[in-house]
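Here are some notes to read alongside the model. Have it open and find each spot as you go.

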Amino acid sequence: MSVLHNRISNKELKEKLYQENFPRTTISFYKYFTISDPVAFRDELYQSLLELQVFGRIYIAQEGINAQISVPTHLFENFKTYLYSIPGLEGLRLNIAVHDNGKSFWVLRIKNRNKIVADGIEDPQFSMENKGKYVNAKQMNELLDSPETVVIDMRNHYEYEVGHFDNAIEIPSDTFREQLPMAAEMMKDHREKNIIMYCTGGIRCEKASAYMLHQGFKNVFHLEGGVIHYANQIKEEGLTSRFKGKNFVFDDRLGEKITEDIIAQCHQCGSPCDTHTNCKNDGCHLLFIQCPKCAETYAGCCSQACTDIVHLPEQKQKELRKGIDKGQQIFNKSKQRLRPKGVRRD
């Protein structure tokens, strides 16, 4: 019987990753296309990618595929050949990571989902076939110079906080399903303008552009390949980056520097900083921004209370967190409160 799930502990897998003597390339890709049997598709994909030593996170649904993975560099062409052999994925654009140490993932996880992006859309008339026009980096920069352009950031607050495009409008919610109707409402007085939507890798803004067209908007665009593809294009073509700061990514790196601008602040002391980290207290794991000085002061924790806990014996820490499941939390400075971190991945 073929193995279709990982059975080794995360600790062992991480150790094996750092023992590898070859480089890896981190990439992301997605595609909205109909998958008639997502379960069978998932199982065949898992077996094939396991043979190619691919690590990462992939979601499969009837509406398509969404993936963030790392591939052994020497097997990259083999991987592309296999991927492009899948009907519907021929010639698919692959977003290469901007900054990559190859240690972004240590296990392969492929899961079936109802949708590759949870959107809350229930209207049976909605279709991804009618979506906004793609814009590349050069076109994005040109449209940004027009007073008839409105730029909408379809990412979460903690992503927007560390980096965004000039004059980009933040949709004040940390769930995509809430952002869609909010974006339409916020733009109701700008129906005649050029509306450009962007996100990390393109998957959210592509669906958002289709939603806006479904709501009756006309001049809707979305940034092809998101911030990741934009960053690679401006380097290749020698263009000025209109995106300032860091692009948050959903793997162990937690961010890629697009420009040297630091537009965020340490959540503890307020000094310029854009380094996300998770609180070292296993009973907390809050995702927040922390500068090196505060990291030393608070032992990598989000508060003095959590610092006091991590200095306790391990057994005492286990007793304190027994029966408590806080889940993953983020610090949302725009609302000055904690909110559950969404499960969506771009």
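1. Start in helix H3, where Phe 76 and Phe 79 are three residues apart, so about one helical turn separates them. In general, an α-helix has 3.6 residues a turn, so residues three or four places apart point the same way. Helices (H or I, at least four residues) and strands (E, at least two) are DSSP runs, numbered from the N terminus.

2. Before going on, a word on where this comes from: this is a predicted model, in which local features need pLDDT of at least 70 and side-chain atom pairs count only at pLDDT 80 or more, while totals for chains, interfaces and linings use all residues. Residues are numbered from 1 along each chain as its sequence is written, and side-chain values use heavy atoms, with hydrogens and water left out.

3. How many aromatic pairs does the structure hold? There are eight. Rings of Phe, Tyr and Trp (its six-membered ring) pair if their centres lie within 6.5 Å; planes under 30 degrees apart count as stacked, over 60 as edge-to-face and the rest as tilted. One of them joins Phe 29 to Phe 79, tilted, with 6.3 Å centre to centre and 45° between the planes. Phe 29 sits in strand S1 (residues 24-32) and Phe 79 in helix H3 (residues 76-84), so this pair ties together parts that are 50 residues apart in sequence.

4. Buried means under 20% relative accessible area, exposed over 50%, partly exposed in between (1.4 Å probe, protein chains only). Phe 79 also forms a tilted pair with Phe 76, at 6.3 Å centre to centre and 40° between the planes; Phe 76 is buried too.

5. Now look at helix H4 (residues 137-144), where Ala 137, Met 140, Asn 141, Leu 143 and Leu 144 are buried. Their arc around the axis is only 165°, which puts them on the same side of H4. The arc is that of the directions from the helix axis to the C-beta atoms. Among the elements covering these buried residues are strand S7 (149-153) and helix H8 (226-237).

6. Lys 322 is exposed, with a relative accessible area of 65%. Its C-alpha atom is separated by 8.8 Å from that of Gly 283, 39 residues apart along the chain.

Notes: Contact = heavy atoms within 4.5 Å.
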